[in-house]
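Here is a short note to read beside the model. Please keep the structure open and follow the points in order.

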Amino acid sequence: MPPTSAASPAAASGVAAEAARRRTFAVISHPDAGKSTLTEALALHARVIGEAGAVHGKSGRRAVISDWMEMEQARGISVTSAALQFEYQGHVVNLLDTPGHADFSEDTYRVLAAVDCAVMLLDAAKGLEPQTLKLFDVCRHRGVPVVTFVNKWDRPGMHVLDLVDELDQRIGLTATPLNWPVGEAGTFHGLLDRDDETMTTFERAPGGARIAEEQLLSAAEAKERYADAWGTALDEVSLLDTLDLETFHAGTSTPMLFGAAVVNVGVRQLLDALVELAPPPSARPDAEGTPRPVEAPFSGLVFKVQAGMDKAHRDRLAFVRVCSGRFERGAVVTHAATGRPFATKYARTMLGRERETIDIAFPGDIVGLVNANALTVGDTLYAEGSPVAFPPMPSFAPEHFVTARTTDTSKAKQFRRGIEQLAEEGVVQILTSNRRGDGAPILAAVGPLQFEVATARLGQEFGVPIALDSLPYGLARRTDADGVALLNAEAGVEVAERRDGALLALFPDKWRLASVQRRHPDVALEPLVAGA
Ligand code: GDP
């Protein structure tokens, strides 16, 4: 039997049991809501690290996970994604990191294709922010269930019922709080546990470096100590719906929890909720829509590709989410796009720069494959003899466009190779337009920082100096071959072809688009929806 196969009934049931105890999720938020802080706090609770502050390198703390690129360090932002795995209460938790800066949201969108659940982190003072809304849309589109964590409750913020209303009114999501703050934001006394109407108070650890000591109060004790605030909390929460697993998993309700990640308050409760309520890995539909059960032989989805973190030898790393079966390092798997074998001798788990060899992985786990030059984002791998192809990864609607050329004409070949590599990794999208006689590719991005990454990478890894010229477009629509000539004849409009063959019509703004649409109602101009 090939090592990746889960063909025998005993092996299959082993895989099903391993899958059932996995929880694979990502935290999504608007920048500054506290994602890095929460990641540290979650890891601390799972006792992966002895002291909070070891995960992310903010404010002089020791960096472990992120910033492999100099630019990241210089700017203090996280450009790449990595996964953190830990055991908690008999479960295996895979927490996928997502970049903090909105310009790299395309990367976050791809991570959302590899998780079974998302934690939507809100700043208690700000509620839903633009990036939260965009990311939530992607979750809805992909059917990813969302747990909501209201952070920074130690500081003054919005009224708690207004937050619930906002979820309902602006994104149509019914909040089903699992706990409820006793005391307004800023005068926080503790959390009311809705299950048994007890109250937990917290002895905050200085600087959040330890887990906050908890004290459990009965309802009678809570009433005695926090008379008014306790009564208000009970009244408020009684107005709201209670947990409903079915609608949570269907993405129409969201379990809601409160806390303050920076002092480790409410974090244990969040972790408990995730392992108890979030869905485990389940059958994933293939490109035809047929679900592949988790106990089927090995299959995995490449959701992220990046240049090697090791500058000494330029390798390419592919992050694969195991979708079904048992992954064993050393097994030869098949690359669906080419039908070629791919050797997994060098499989790794990734924790920032630190690599650890991984030998076995199950559905929901993330495996880093080195020497992955043949793999691109969206690719499927499967156990020999058990083919499957998952749907391609969606590309997102770019809003920034530049042309790129190398300023060193002797580097034309490296330039083309480098551009190709960046496109395969999804650093930027590459378009070509017949209208450009010099053949200069158009780089398209969701956020302009992507261009800076591309420029830095081409310089550092390929030794190619490049110059960018910005193009006056801010909007793309998908068109078809019939529309090309008409659209290209319009002033200020250009049609370019993306690597995947899609024809994108580029417009300066929505007004220009509207006037072209009015004149040519029959020309196809489909929006490129985020996540579609
Ligand atoms: P990210 O950009 O979402 O990763 O946010 P960070 O984790 O870097 O946090 C942004 C800022 O909010 C930092 O200054 C944190 O110390 C602060 N912060 C995070 N969580 C809390 C919290 O629970 N309470 C308070 N008061 N500040 C917090």
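1. Start with T98. In this predicted model, T98 has 26 other C-beta atoms within 10 Å, so T98 is buried. The cut-off for buried is 20 or more. T98 sits in the loop between β3 and α4.

2. Now look at D97. D97 belongs to the loop between β3 (91-96) and α4 (105-112). Is D97 buried or exposed? D97 counts as buried, because 26 C-beta neighbours lie inside 10 Å.

3. Check the record. An unreviewed UniProt entry lists D97, T98, P99, G100 and H101 under "binding site". Such annotations may be inferred rather than shown by experiment.

4. Turn to the ligand. How many residues surround the ligand? The count is 17, and the closest are G34, K35, S36, T37 and A260. Helix α2 (residues 35-45) gives the largest share of this shell, with three residues. By class, the shell holds six charged, six polar and five nonpolar residues.

5. Next, find L243. L243 lies in the loop that runs between α8 (227-238) and α9 (245-250). L243 has 17 other C-beta atoms within 10 Å, so L243 is partly exposed. That label covers counts between the limits for exposed (12 or fewer) and buried (20 or more).

6. Which residues does L243 contact, leaving aside neighbours within four places in sequence? They are T176, L178 and P255. L243 and G459 are 216 residues apart in sequence. In space, their C-alpha atoms are 52 Å apart.

Definitions and conventions:
Residues numbered from 1 in each chain as written. Predicted model: local features only at pLDDT ≥ 70, side-chain atom pairs only at ≥ 80, totals over all residues. Near = placed C-beta within 6 Å. Helix = DSSP H or I, 4+ residues; strand = E, 2+ residues; numbered from the N terminus. Nonpolar A, V, L, I, M, F, W, Y, C, P; charged D, E, K, R; others polar. Contact = placed C-beta atoms within 7 Å.
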